[in-house]
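Subject: Structure handover

Hello,

Please find the structure below, with the sequence. My notes on it follow.

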Amino acid sequence: MSPIDPVVRAVEAVLFASPEPMSIDSIRAYVGTGKGGDIRSALDLLEEQYRGRGIILVRRGDRWHFQTAPDLAHLLRRDREEARRLSRAGIETLAIIAYHEPVSRAEIEAIRGVAISKGTLDVLMEAGWVRPAGRREVPGRPLLYATTPAFLQHFGLTSRRDLPGIEDLRAAGLLDPVDLALERMGEEDRATDARDDDGRDD
C-alpha cells in the first residue's frame with residue numbers, strides 16, 4: 001500500500017475539524033506551504049476518494065467541507081427539524097438578491113414593485129443567507145446586499161450558476177399562476193401592438 005501524501009492527510013484533518021466550510025486560503029493557513037504538494041490537488045483527490053461513501057467532500061462556492069451523504073442524512077436526524085419559514089416577501093427578496101446581487105434595497109423594491117420592511121432583510125441576514133456587500137458609488141451610497149456561502153450550502157448549490165432558470169421554475173410549478181397569467185397577457189398585448197403597427201398607414 002503506497003504511503004498517503006502528507007498534504008492530503010493534513011487537508012483531510014483540517015476539514016474534519018472545521019465547523020464551517022473552508023476556502024483554499026484558509027486551509028493553506030493551517031497546512032502551510034512548506035510541505036510540498038498542492039491544496040487544490042489534495043481537495044480533488046479527497047473528493048474522489050470520498051465519492052459514494054457515507055461522508056462526502058463537497059464544494060459550496062469557493063469553500064469546501066465534509067458532510068453526510070444526502071441519502072443517509074435521515075439516519076442522523078433524531079428529532080424532526082423545524083423548517084425555517086419565510087414570508088412571501090422574504091422569499092421574493094431572497095430570490096431577487098440571489099439572481100441580481102449585489103443589489104440595493106431600492107433596486108429590490110423596484111423589481112418587486114412594493115416597498116420592503118427592514119425586518120425582511122433582517123430575517124434573511126439572521127438566517128445567514130444574506131450579507132451586506134459594500135455600497136454603490138452613487139449619490140447616497142446605498143448599501144448593497146448579496147448571498148452568502150451559507151445560502152449555497154443550505155440550498156445545495158455549488159455556485160449561483162446552479163440557480164434554476166425561468167423555464168426550470170415554470171416546469172417545476174414554482175411560478176405563481178397569477179404571474180404566469182400576467183406574463184401571457186403581456187405577450188398578447190405586445191403581439192396585438194405589433195399587428196396594429198403593421199397595419200397602420202403612414
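Contact is used here for heavy atoms within 4.5 Å. This is a predicted model, in which local features need pLDDT of at least 70, side-chain atom pairs count only at pLDDT 80 or more, and totals for chains, interfaces and linings use all residues. Residues are numbered from 1 along each chain as its sequence is written, and side-chain values use heavy atoms, with hydrogens and water left out.

Helix α2 (residues 24-31)

Helices (H or I, at least four residues) and strands (E, at least two) are DSSP runs, numbered from the N terminus. Buried means under 20% relative accessible area, exposed over 50%, and partly exposed in between (1.4 Å probe, protein chains only). In α2, the residues I24, I27 and V31 are buried. Seen down the helix axis, the buried residues of α2 fall within an arc of 65°, so they line one face; the arc is that of the directions from the axis to the C-beta atoms. That face packs against α1, β1, α3 (39-50) and β3 (63-68). D25, A29 and Y30, on the other side of α2, are exposed. G32, just after the helix, has a positive phi of about 85°.

P19 sits in the loop between α1 (6-17) and β1 (22-23). Is P19 buried or exposed? P19 is exposed, at a relative accessible area of 76%. Its C-alpha atom is 8.7 Å from that of H65, a residue 46 places away along the chain.

Helices α4 and α5

The axes of α4 (residues 88-100) and α5 (residues 105-112) come within 10 Å and cross at roughly 115°. Axes are lines fitted to C-alpha atoms, for helices over the stretch in contact, and angles run from 0 to 180 degrees between N-to-C directions. The two helices are therefore roughly perpendicular, a label that covers 65 to 115 degrees (under 35 is roughly parallel, over 145 roughly antiparallel, the rest oblique). On the α4 side, A89, E92, T93, I96, I97 and H100 meet I108, I111 and R112 of α5.

Strand β6 (residues 143-147)

Four of the five residues in β6 are buried. Two strands pair if DSSP finds at least two bridges between them. β6 pairs with β5 (residues 130-135) in the antiparallel sense over four bridges, and V130 has T147 of β6 as its bridge partner. Two bridges join β6 to β4 (residues 103-104), also antiparallel, with V103 opposite Y145.

Regards
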